[in-house]
Amino acid sequence: MKRHSDHSDFMFLNLGPNHPSVHGVFRIVLQLEGERIVDAVPDIGFHHRGAEKMGERQSWHTYIPYTDRVDYLGGVMNNFPYVMAVETLAGITVPPRAQMIRVMLAELFRIASHLVFYGTMAQDVGQLSPVFYMFTDREKVFSIIEAICGFRMHPAWFRIGGVAMDLPTGWDGLIRAFLDYLPKRLDEYDAMVMRNPIFRARTQGIGAYTKAEAVEWGVTGPGLRACGLEWDYRKYAPYACYDQLDFDIPTGRNGDCYDRIVVHIEEIRQSLRIIRQCLEHMPSGPVKADHPLTTPPPKARTMHDIETLIHHFINVSWGPVIPPGEARACVEATKGLNSYSLISDGGTTSYRTRIRTPSFAHLQMIPLLSRGTMIADLIAIVGSIDFVMADVDR
């Protein structure tokens, strides 16, 4: 950073690393001329925990809970690309029921994550009521997730070859009640937040970028679709059973803060639509592949014969031996494309684990978006990007 002009007053301001509006331990060094931002330098790394190195230390199976903590608002959405990559290496075909259960849980977590974004975005620009209402709705999502998985934020519920267990009795009633409840709440929030003239003034025309800039900077997810590019990995490179489901790809026009919020809200509605189809068309059958490398084998069978008990013990303690090879799997996560690239050397652990997270690419745009704006505009820009620092630093 250097002096903007020999004849101007300037100052440096540290925004963060502990500031409510930077959504985690994130520091932005600002160079200001009055209230206007001349330059901005993002400083990351405060949250780094070495998630990729952990993936090379843990067994294929025991690494699953670590993935939950990468985008800690995404829950099982983080398990998804990892187990898909391992399944590709092992040649495992996941049963249809497990595929649809995975999709349903992933969309529930998409809704939970987007509700956090929606509420905190409104809070960042000074509207305090919505975040309380939206966190109440998020609790309802978590109560469903807890009933199905046994845990709320980080259930680590996906398994190599399927999911941990079948859906519990009464799951359909919980889902149906939530599908009837949330749309009316979203309509209320439209009136409270999106049609609020002050909120519009704080977000419309702020932090805008073009379709070409978004592609050049590696933006994915709602931030890319807000520019008008109709691209969603679930549609154009479908995985699991998304090709069997009917849903739309929400897009914006201006690529500004307001349009990014609009896309997130419409994605909640589309997720509800997907979940309803999962509810109505849930296939029967097993929830885990009948494959020797599936971990762990069905627990009930271990009580009947010693061979299965040994198999269960070895696979849980040491992990399966995955054949040598390289695989990559990618999903449309809550904030953009999330992918895992894995290399196996034929052992019980990954030789190389590489995680591609969406938030890292999105934060790179902060200097471009913030130059020439006011500090208050930067708060709106940072909030509209929708990131978590664990997703950035890994």
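User: In this predicted model, does Glu87 count as buried or exposed, and at what relative accessibility?
Analyst: The model is predicted, and Glu87 belongs to helix H3 (residues 79–90). A residue is called buried when its relative accessible area is under 20%. Glu87 falls under that limit and counts as buried, because its relative accessibility is 5%.

User: Which residue meets the side chain of Glu87 in a salt bridge, and which helix holds this residue?
Analyst: The contact between the two side chains spans 2.6 Å from N to O, and the partner of Glu87 is Arg102. The pair links distant parts of the chain, 15 residues apart, with Glu87 in helix H3 and Arg102 in helix H4. Arg102 is buried, with a relative accessible area of 0%. The residue asked for is therefore Arg102, and its helix is H4.

User: How many residues apart in sequence are the parts tied together by the pair of Asp166 and Arg97?
Analyst: The side chains of Asp166 and Arg97 meet in a salt bridge of 3.0 Å, N to O. Asp166 lies in the loop between strand S7 (162–163) and helix H6 (171–194), whereas Arg97 lies in helix H4, so the parts that this pair ties together are apart in sequence by 69 residues.

User: Of Asp166 and Arg97, which one is buried?
Analyst: Asp166 has a relative accessible area of 35% and is partly exposed. With a relative accessible area of 12%, the buried residue is Arg97.

User: Where does Asp248 lie, the residue whose side chain meets that of Arg273 in a salt bridge?
Analyst: The salt bridge of Arg273 and Asp248 has an N to O distance of 2.9 Å. Arg273 is partly exposed at a relative accessible area of 28%, and Asp248 counts as partly exposed at 42%. The pair ties together parts 25 residues apart in sequence, because Arg273 lies in helix H11 and Asp248 in the loop between H10 and H11.

User: Which element gives the largest share of the lining of the second largest pocket?
Analyst: The second largest pocket has a volume of about 210 Å³. Of the 16 residues that line it, the closest to its centre are His23, Leu73, Val116, Thr120 and Phe387. Two or more lining residues are given by helix H4 (96–124) and by helix H15 (375–385). The largest share, six residues, comes from H4.

User: By class, how many charged residues are in the lining of the second largest pocket?
Analyst: The lining of this pocket has eight nonpolar and six polar residues. The count of charged residues in the lining of the second largest pocket is two.

User: How much space lies in the largest cavity?
Analyst: The count comes to one cavity of 30 Å³ or more. Its lining has 13 residues, and those closest to the centre are Tyr209, Gly223, Arg260, His362 and Ile385. Helix H9 (222–225), helix H11 (257–280) and H15 each supply at least two lining residues. The space in the largest cavity is about 100 Å³.

User: What distance separates the C-alpha atoms of Gly228 and Arg260?
Analyst: Gly228 is found in the loop between H9 and H10, where it counts as partly exposed at 29% relative accessibility. Arg260 is one of the residues closest to the centre of the largest cavity. Gly228 and Arg260 are 32 residues apart along the chain, and their C-alpha atoms are separated by 10 Å.

User: Of Ala240 and Arg394, each with a positive phi, which one counts as buried?
Analyst: Ala240, in the loop between helix H10 (233–236) and H11, has a phi of about 50° although it is not a glycine. Arg394, in the segment after helix H16 (389–393), has a phi near 55°. Ala240 is partly exposed at a relative accessible area of 26%. At 14% relative accessibility, the residue that counts as buried is Arg394.

User: What is the area of the nonpolar surface patch that includes Met303?
Analyst: Met303 lies in the loop between H11 and helix H12 (306–317) and is exposed, with a relative accessible area of 61%. Together with Ile306, Leu309 and Ile310, Met303 makes a nonpolar surface patch of about 400 Å².

Technical notes. Residues numbered from 1 in each chain as written. Predicted model: local features only at pLDDT ≥ 70, side-chain atom pairs only at ≥ 80, totals over all residues. Heavy atoms only, no water. 1 Å grid on protein atoms, 1.4 Å probe; cavity = no way out; pocket = protein on both sides within 12 Å on 5 of 7 lines; lining within 4 Å. Points joined across faces, edges and corners; volume = space filled by probe spheres on them. Helix = DSSP H or I, 4+ residues; strand = E, 2+ residues; numbered from the N terminus. Nonpolar A, V, L, I, M, F, W, Y, C, P; charged D, E, K, R; others polar. Buried < 20%, exposed > 50% of the residue type's maximum accessible area, 1.4 Å probe, protein only. Patch = residues over 30% accessible without salt bridge, like charges linked within 9 Å, V, L, I, M, F, W, Y side chains within 5 Å. Areas by Shrake-Rupley, 256 points an atom, 1.4 Å probe, with all protein chains shown as cover. Salt bridge = Lys/Arg side-chain N within 4 Å of Asp/Glu carboxyl O.
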